Amino acid sequence: MFYSCAGSCAGLAARGSPAPPLPPLSPGEPGEEGSLEEQRAAPDGASPISSFFNGSGTKRLPQAIIIGVKKGGTRALLEFLRVHPDVRAVGAEPHFFDRNYERGLAWYRDLMPRTLEGQITMEKTPSYFVTKEAPARISSMSKGTKLIVVVRDPVTRAISDYTQTLSKKPDIPTFESLTFKNRTTGLIDTSWSAIQIGIYAKHLENWLLHFPIGQILFVSGERLISDPAGELGRVQDFLGLKRIITDKHFYFNKTKGFPCLKKAEGSSKPHCLGKTKGRTHPDIDQEVVQRLRDFYRPFNMKFYQMTGQDFGWD
């Protein structure tokens, strides 16, 4: 019945008892992916089929978490994954393992959507990857938790991070001035979060103290744009899911410059990420860009060695 009622479940759900109210959203820090506006606009993770069963099922702690990175493509990955009938995910970023840990696991579990047997519960909070306490806390919840990290060229990521902040605070200093502690000597300011997040090898070392490398999947933010079905195939395999999300689910939006879903989860209409995604980056001094490439290169090489993947950022 679970699959055979696909064509009529939406109507059945509408005639049935109303779904239980969702827990209040946890506002994101200004400038982060998953702002309160985006969270409210995001679907609640329920497809027509799963909505029909919304009164049943169980709220479970997540078996898989997208832990990073900010401005890497985590929102796109989550929205793409939610097309899969066996994935249920909370739309808002819970920020449990970095900001709300004192609220306890019962509070965290209550944020999760209800799932049926065989479905996977997921969440995404990109700041976990750079939060020192997060690996031990997640391991304490479950050593078997599967972790997904979406990474992209750290220079492009830093510029994207800056662009997002600039859209909210137009009077901030220039990217170039924030990049250096001393521009004359060329000393990069690694205390600036936009720079620090991209030192992936350093952050990964912290996670490998608590999780084996095989329990972490590294998704290329670039390939998520150029070949979304290919990257989603890898993710579905990693999660032990049947490869349901394929090329037929995507079309490339030339205006936005990234792939969109032909049909959003729970809808018959095409769906692209919101206006806060795909912003035009400001022109950055090419000398500064090159300095950053030189700075990141050794960290990138180490990251390639640690993950066994060459992301081609040079």
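**View 1. Glycine 73 and lysine 71 in the loop between β2 and α4.** Glycine 73 lies in the loop that runs between β2 and α4, where helices (H or I, at least four residues) and strands (E, at least two) are DSSP runs numbered from the N terminus. Lysine 71 is found in this loop too, between β2 (64–68) and α4 (74–81). This is a predicted model, in which local features need pLDDT of at least 70 and side-chain atom pairs count only at pLDDT 80 or more, while totals for chains, interfaces and linings use all residues. Residues are numbered from 1 along each chain as its sequence is written, and side-chain values use heavy atoms, with hydrogens and water left out. In an unreviewed entry, UniProt lists Lys71 under "active site", and the "binding site" annotation, also from an unreviewed entry, covers residues including Lys71, Gly72, Gly73, Thr74 and Arg75; UniProt positions are given in the numbering used here, feature names are shortened, and annotations may be inferred rather than shown by experiment. Lysine 71 has a relative accessible area of 7% and is therefore buried, a term that means under 20% relative accessible area, with exposed meaning over 50% and partly exposed in between (1.4 Å probe, protein chains only).

View 2. A pair of aromatic rings is described by the distance of the centres and the angle of the planes. Rings of Phe, Tyr and Trp (its six-membered ring) pair if their centres lie within 6.5 Å, and planes under 30 degrees apart count as stacked, over 60 as edge-to-face and the rest as tilted. By this rule the count is 22 aromatic pairs. One of them joins phenylalanine 96 and tyrosine 101, whose ring centres are 5.2 Å apart and whose planes stand at 50°, so the pair is tilted. Phenylalanine 96 is buried, with a relative accessible area of 0%, whereas tyrosine 101, at 30%, counts as partly exposed. Tryptophan 207 and phenylalanine 211 also form a tilted pair, with 6.2 Å from centre to centre and 35° between the planes, and both residues are buried. One aromatic cluster is formed by Phe96, Phe97, Tyr101, Trp107, Tyr108 and Tyr128.

View 3. At the start of α13, a side-chain oxygen of aspartate 285 reaches to within 2.8 Å of the backbone nitrogen of glutamate 287. The 22 residues of α13 (residues 286–307) should span 32 Å at 1.5 Å a residue, and because the end C-alpha atoms are 29 Å apart, the two values agree; the expected span is 1.5 Å times one less than the number of residues. A kink of about 40° lies at arginine 297, shortly before proline 298, the bend at a residue being the angle between axes fitted to the seven residues ending there and the seven starting there. Among the buried residues of α13 are Val288, Leu292, Phe295 and Phe303. Glycine 308, whose phi is positive, near 75°, follows the helix.

View 4. The C-alpha atoms of glycine 240 and isoleucine 120 are separated by 9.6 Å, although the two residues are 120 residues apart along the chain. Leucine 224, by contrast, is buried at 3% relative accessible area and has its place in helix α11 (residues 221–226).

Conventions: A polar contact is a pair of N or O atoms within 3.5 Å; within protein, one must be able to donate a hydrogen and the other to accept it, and residues adjacent in sequence count only if both atoms are side-chain atoms.
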